Structures are given as C-alpha cells and as structure tokens.
Amino acid sequence: MRRNRWLIGLLLATATFALAGCTNPGVTAPSHQLSIGATAVPDSMDPTTNSNAAIPQALLYNVYETLVKLDGDGNIRPLLAQEWTISNDGLTYTFNLQPSATFSNGDKLDSDAVIKSIQRIQQDASVTAVNKAEMSVVSSVTAVDDNTVKVVLSKPSNTWLYSMTGSAGIIIDPAHSDDLSNTPAGSGPYELRSWVKGASVQLQKAPKYWGTPARFDIVTFRYFSDPNAMNTAMLSGDLDIVSNLAAPQALSQFADTSKYQTIIGTTNGEIVLGFNDSKAPFTDIRVRQAINYAIDRKALMDSVWAGQGMLIGSMVPPTDPWYEDLSQTYPFDPEKAKELLAEAGATDLTINLQVPTLPYATGAAQFIASQLKDVGITVNVSQLQFPDVWINQVMKQGDYDMTIIAHVEPRDIVKWADPTYYWHYNNTDFQNLISQADQTLDQTQYIDLMKQAAKTLATDAAGDFLWLLPSVIIATPDISGIPANAVTESFDLTTIASKSG
C-alpha cells in the first residue's frame with residue numbers, strides 16, 4: 001500500500017492547518033495504510049445523536065461495535081455477543097457476551113456497559129428520535145452476570161434485533177461518554193486518530209483490540225464535494241478505494257483491469273422524491289399520483305446516474321426478503337398526470353424542491369423540474385448545504401415541499417409508519433400492517449405482511465421512489481474482501497485486506 005499518501009493528497013485550502021492537526025506524537029509512523037474516497041461528510045462522531053449516514057459509514061463495526069452485526073448478505077451474525085437465545089413468546093432475549101471483549105482503552109466490556117448503552121438510547125434527550133423509536137420496545141434490560149444480559153421487550157418485535165445491528169445498538173464505554181460528538185468510546189478494531197471537519201476522518205489500529213486485529217495501521221476516509229475530484233484522486237493514485245462512485249458516467253475511466261477493479265452490487269439506498277404529506281397539495285392523493293406518473297424514472301436514472309442502479313417502486317431493496325418489483329405501479333404517463341391534476345383542481349401548481357448538495361439529488365432535481373413543467377407544475381429548485389442545512393431545515397424542521405434524498409438505513413420502510421418523521425405520511429392501514437408484521441412470530445406471515453405494506457406505500461404514492469442506488473466501488477487490484485452489496489450503513493473495514501499487507 002502507499003506510504004503517507006494522505007499527507008500530500010488532501011488538496012484543500014486548509015491543508016497546512018489540517019495536517020498539523022493530524023499529528024499524534026504518541027503514535028509510531030504507520031507502515032500499512034488505506035485511503036478511501038467518500039462524498040457525504042460527517043458533522044459529528046456520534047451516530048446516536050446525529051442521523052447523518054456518513055458517521056456510521058466510517059465508525060460502525062470499525063470503531064463502534066454492536067451485540068450483533070449484518071454480514072454482506074444481510075444476515076445477522078454474532079459480534080460482541082457470541083450467542084443469543086430468544087424465548088418462545090418472542091419477548092426475552094438473552095445475550096452471552098464475548099468473554100474477552102474490551103473497549104479500545106482496555107476497559108472490560110461487560111453487562112453493565114451494555115445496560116448503560118441501551119438505557120442511554122432510551123433516556124438521553126440528545127439521542128435521535130429514530131434511535132429512540134428503535135429502542136422504545138425494550139421494557140427492561142438486566143444483568144444475569146458480568147457476561148450475560150437479558151433484554152425483555154414490551155411486545156414481540158422482528159425489527160428490534162435488526163435495529164441492534166445499527167447505530168441504536170452500539171455499545172459505548174460508560175466511563176468515557178462525556179464528549180462522544182468528538183471522541184468516540186468504542187470497542188472496535190480501530191480508534192479515531194484525527195477528524196478534520198469537511199476533509200477527512202483518520203482511524204488507527206486499536207492496539208488493545210480484543211478480537212482479530214485490524215489489517216491496516218491507518219485508514220483515512222477522505223471527503224470530496226466534487227465527485228470528479230474524487231475520481232481524479234483515484235486515477236492519480238491518491239486513493240486505494242472509491243467507496244461508491246458518485247459519478248457513474250466516469251465508470252469507463254477505470255476500465256484498465258491492471259490498475260483497477262470494479263465491484264458492482266446493490267445497496268439499501270432508495271432515492272426518494274419525498275413529499276411533505278401533511279401540507280397541500282400533497283394531502284390530495286391525485287396530486288401525488290400525478291407527480292409519479294409525470295416522471296420517467298428510467299430516463300432519469302439513465303440521464304443522472306448513467307443507467308446504474310435499479311427501479312424499485314417502493315421502499316424495499318432486493319436484499320430484503322419481502323422485495324417485489326413494484327416499479328411499474330405508476331408507469332410514465334404524462335397525459336394521465338394532467339388528467340389527475342385537472343380532477344384535483346391543481347392545474348396551476350408551484351412547488352418548491354429543496355435538495356441537498358449531493359450529486360444524485362442536484363442532478364435529479366433539474367430533470368424532475370423539467371418533466372413536471374411538461375404537465376403544468378412549476379418547480380422552484382434550491383440547493384441546501386448537506387448535511388447541516390438540509391438536515392436542520394428539512395429533516396428536523398419539516399420546512400419544505402419536496403426533497404430528494406437517498407435513505408441508506410437497512411429496512412427503513414418502517415419509518416413511513418411514523419407520522420412525525422419528516423415525510424409526515426399518516427396512513428393507518430400502512431401503520432397497522434407494519435405493526436402486525438413486527439409482532440408476528442410466524443416468519444412466513446411476517447414476510448407476507450411486509451409485502452402488503454410495501455404495496456400500500458407504492459399505490460398510495462406516499463413519495464416517488466426514483467431508483468435504488470447501486471454499489472459501484474473502485475479499488476486497486478491488490479485490495480480484497482470488499483462486499484459487493486452495501487446492506488448496512490457501515491463501510492466495514494474488518495473484511496478488507498491487501499496483498500501487500
């Protein structure tokens with residue numbers, strides 16, 4: 001691997017200051033490094049109090065660990081819990097912890113740490129509403145002994161254990177939890193070395209890691225607001241991996257297999273044209289349906305994302321067991337769109353479309369504005385700086401008409417059952433289907449109910465599900481172990497190796 005490449009590769013106006021801030025005199029000069037390019041920038045180091053997906057991308061499974069984790073196929077596997085049992089009524093989970101598990105500073109990771117981490121999610125006012133909702137089903141959590149934890153749920157929940165593989169389930173060192181926004185306190189194979197806001201997150205090998213040691217001494221996530229700049233960095237040898245090609249039109253630039261490998265799979269990243277369903281005109285299903293009919297999603301994907309990805313039609317990727325192809329629920333039909341708008345008395349609409357400064361969103365916005373203009377809807381597009389402005393204005397305040405964002409969390413269809421979430425979608429039939437699916441102990445019925453929920457979401461035109469982001473990873477040929485499918489928010493470093501390592 002390249003040595004100290006990051007020292008010359010930041011290419012930012014703040015480079016001199018940033019590099020000075022990265023110096024750590026207590027760390028021996030690394031010999032084995034990995035440099036990863038990414039686009040979405042973390043604005044905190046605490047994934048429990050901030051919903052920015054860039055935070056778990058760098059930290060989940062790498063710096064922070066969970067009792068259970070998702071593998072590359074979306075299956076739940078042991079991590080901090082070496083095994084677990086579920087009672088016949090689906091209410092009691094008993095986790096047997098890894099006896100050797102410690103935090104990165106060597107402190108013992110025991111039942112008390114697990115209990116306090118779960119209780120923090122439930123009780124700390126700064127924790128995101130999403131994480132709180134995921135842990136709300138927990139009635140009690142107690143220690144059987146130092147290495148055994150019993151969690152009792154208030155009702156059966158198929159979703160809860162799955163949620164424990166993500167940010168809500170991270171186990172935090174309770175003795176060092178006072179500044180998590182800047183200083184993570186996890187148990188993973190890496191620990192934070194430096195964070196240059198807007199530029200990079202640098203991880204270093206945790207010398208006291210309890211499990212299989214990290215394969216790299218230093219891993220640097222470098223952030224690029226311009227996808228072309230990231231591609232240039234890869235082409236010039238300043239990166240080992242592009243975590244997800246943010247300009248698929250450039251795929252041909254990496255065709256030389258002696259220099260690059262291309263790994264293509266699927267993701268959880270449903271790109272949604274979200275409506276503020278609590279306000280006019282989106283309270284009228286005919287308007288929502290008209291917008292769905294008015295947009296040629298295949299042409300949109302071809303134009304904006306070079307045809308990479310897939311059409312889905314609902315909030316379900318193909319790695320979920322209840323996936324069905326619902327992409328033709330509203331086929332492209334501008335004449336039908338005009339008819340519906342006329343029926344709704346909405347022939348002279350002006351709608352604001354506020355999008356984050358992310359490549360897929362800004363590219364799609366102009367295409368969508370043009371197609372909606374063809375059916376009589378005027379769209380005013382504005383770009384909001386991501387993550388801070390977009391998250392504050394759209395996700396937190398709900399101050400928007402329409403927006404575009406990729407939701408990359410696993411099995412996030414359940415968020416549509418929460419009318420307080422920023423879409424403000426409130427369909428009791430959908431909510432009941434999600435609730436029944438979550439509580440059933442019959443897995444066949446679970447899948448059937450989730451299929452019904454996905455179809456309800458599609459037919460009700462709750463949003464317009466534009467396309468599913470592909471996982472398009474570019475790496476140098478000596479890198480191995482990168483999963484093709486991105487089924488979690490984590491860019492999991494624990495499976496990645498290099499021939500030179």
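Helices here are DSSP runs of H or I with at least four residues, strands are DSSP runs of E with at least two, and both are numbered from the N terminus. In those terms, tyrosine 61 sits in the loop between helix α3 (54-59) and strand β2 (68-70). The structure is a predicted model, and only local features with pLDDT of at least 70 are considered. The points below cover helix packing, cavities and backbone geometry.

**Packing of α8 and α10**

- Helix α8 (residues 285-294) and helix α10 (residues 334-343) cross at roughly 165°, and their axes come within 8 Å of each other.
- Because angles over 145 degrees count as roughly antiparallel, α8 is described as roughly antiparallel to α10, and the crossing in which α8 passes α10 is left-handed.
- On the α8 side the contact is formed by Arg286, Val287, Gln289, Ala290, Tyr293 and Ala294, while α10 contributes Pro334, Lys336, Ala337, Leu340, Leu341 and Glu343.
- Sorted by class, the residues in the contact of α8 with α10 comprise eight nonpolar, one polar and three charged.

**Packing of α13 and α14**

- Helix α13 (residues 428-439) packs against α14 at an angle of about 160°, and the two axes are 9 Å apart.
- This angle makes α13 roughly antiparallel to α14, and the crossing of the pair is left-handed.
- From α13, the residues Phe430, Leu433, Ile434, Gln436 and Ala437 meet Tyr446, Leu449, Met450, Gln452, Ala453, Thr456 and Leu457 of α14.
- The contact of α13 with α14 contains nine nonpolar and three polar residues, with no charged residues.

**Packing of α9 and α11**

- Helix α9 (residues 297-305) and helix α11 (residues 359-374) pack with an angle of about 130° between them, their axes being 10 Å apart.
- That angle makes α9 oblique to α11, and α9 passes α11 in a right-handed crossing.
- Ala299, Leu300, Ser303, Val304 and Trp305 of α9 make the contact together with Pro359, Tyr360, Gly363, Ala364, Phe367 and Ile368 of α11.
- By class, nine nonpolar and two polar residues make up the contact of α9 with α11, which has no charged residues.

**Cavities**

- The structure contains four cavities of 30 Å³ or more, and the volume of the largest cavity is about 80 Å³.
- A set of 13 residues lines the largest cavity, and those that lie nearest its centre are Asn292, Gly313, Thr329, Tyr330 and Phe465.
- Both α14 (443-459) and β16 (463-475) supply at least two residues each to the lining of the largest cavity, and β16 provides the largest share of that lining, with three residues.
- In terms of residue class, the lining of the largest cavity divides into six nonpolar, five polar and two charged residues.

**Backbone geometry**

- Alanine 280 and proline 281 are joined by a cis peptide bond with omega of about 5°, and proline 281 is located in the loop between strand β12 (261-275) and helix α8.
- Phenylalanine 386 and proline 387 are likewise joined by a cis peptide bond, here with omega of about 10°, and proline 387 is located in the loop between strand β14 (377-384) and helix α12 (388-396).
- Tyrosine 61, in the loop between α3 and β2, has a phi near 70°, which is a positive value in a residue other than glycine.

How values were computed. Residues numbered from 1 in each chain as written. Predicted model: local features only at pLDDT ≥ 70, side-chain atom pairs only at ≥ 80, totals over all residues. Heavy atoms only, no water. Axes fitted to C-alpha atoms, helices over the stretch in contact; angles between N-to-C directions. Parallel < 35°, antiparallel > 145°, perpendicular 65-115°, else oblique. Left-handed = near helix turned anticlockwise from the far one by under 90°. Contact = heavy atoms within 4.5 Å. Nonpolar A, V, L, I, M, F, W, Y, C, P; charged D, E, K, R; others polar. 1 Å grid on protein atoms, 1.4 Å probe; cavity = no way out; pocket = protein on both sides within 12 Å on 5 of 7 lines; lining within 4 Å. Points joined across faces, edges and corners; volume = space filled by probe spheres on them.
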